[in-house]
Amino acid sequence: MSSRSDSRKQATALTYDTLNGDAAPRVVAKGYGLVAEMIVQRAKDAGLYVHESPEMVSLLMQVDLDSRIPPALYQAVAELLAWLYRLENGVEEGPPPEVDPTIPVRKGRGRTA
């Protein structure tokens, strides 16, 4: 990866709908630069929480689009979703959980049908 691409903004978007049988969150959008800015702006416009974690985004950028997150990311994403749930329900105001940037992510795992 060149230094130019390393300096560009990155963004990913997840969806997780247990009512419709999602076994794990899926990456539904990802991109660099202008696309990343559009992802963030659309989320904000929709009233969604935007979590800024370069480590998490870096890991999620490795996941194929429309694929479930790999099991290696389950704990990190679950902790973030649990923190967000508590934040939205007025239970917690502290910082979000830390993300371990050394989590190995295998591309192509958990592809949805």
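Me: What is the volume of the largest pocket?
Reply: This is a predicted model, where local features need pLDDT of at least 70, side-chain atom pairs count only at pLDDT 80 or more, and totals for chains, interfaces and linings use all residues. Residues are numbered from 1 along each chain as its sequence is written, and side-chain values use heavy atoms, with hydrogens and water left out. On a 1 Å grid over the protein atoms alone, a pocket is an open set of points where a 1.4 Å probe fits, with protein on both sides within 12 Å along at least five of seven lines; points are joined across faces, edges and corners, and the volume is the space filled by probe spheres set on them. For the largest pocket that gives about 880 Å³.

Me: Which residues lie nearest the centre of the largest pocket?
Reply: Lining residues have an atom within 4 Å of a pocket point. The largest pocket has 29 of them. Nearest its centre are Thr12, Leu14, Tyr49, Val50 and His51.

Me: Which elements each supply at least two residues of that lining?
Reply: Elements are DSSP runs numbered from the N terminus: helices are H or I with at least four residues, strands are E with at least two. Both kinds contribute to the lining of the largest pocket. The elements are β1 (10-15), α2 (33-45), α3 (54-60) and α4 (74-88).

Me: How many residues of the lining are nonpolar?
Reply: Ala, Val, Leu, Ile, Met, Phe, Trp, Tyr, Cys and Pro count as nonpolar, Asp, Glu, Lys and Arg as charged, and the others, Gly among them, as polar. The lining has five polar and four charged residues. The nonpolar count is 20.

Me: In what order do the elements run from the N terminus?
Reply: The chain has four helices and two strands. From the N terminus on, the order is α-β-β-α-α-α.

Me: What percentage of the 113 residues counts as buried?
Reply: Buried means under 20% relative accessible area, exposed over 50%, and partly exposed in between (1.4 Å probe, protein chains only). By that cut-off, the buried part of the chain is 31%.

Me: Which residues does Ile69 contact, leaving aside neighbours within four places in sequence?
Reply: Contact means heavy atoms within 4.5 Å. The partners of Ile69 are Leu14, Ala24, Pro25, Val27, Leu60, Val63, Tyr74 and Val77.

Me: Which side chains meet in a salt bridge?
Reply: The criterion is a side-chain nitrogen of Lys or Arg within 4 Å of a carboxyl oxygen of Asp or Glu. A search of the whole structure finds one such bridge. Its N to O distance is 2.4 Å, and the partners are Arg26 and Asp66.

Me: How many residues apart in sequence are the parts tied together by this pair?
Reply: Arg26 lies in strand β2 (residues 26-32), and Asp66 is in the loop between α3 and α4. The pair therefore ties together parts whose separation in sequence is 40 residues.

Me: What value is phi of Asp66 near?
Reply: Asp66 is partly exposed, at 33% relative accessibility. Its phi is positive, in a residue other than glycine. The value is near 65°.

Me: How far apart in space are Pro71 and Ala24, C-alpha to C-alpha?
Reply: Pro71 is in the loop between α3 and α4. It is exposed, with a relative accessible area of 56%. Pro71 and Ala24 are 47 residues apart in sequence, but their C-alpha separation is 8.6 Å.

Me: Is Ala43 buried or exposed?
Reply: Ala43 sits in helix α2. It is in contact with Leu48 and Val50, leaving aside neighbours within four places in sequence. Its relative accessibility is 17%, so Ala43 counts as buried.
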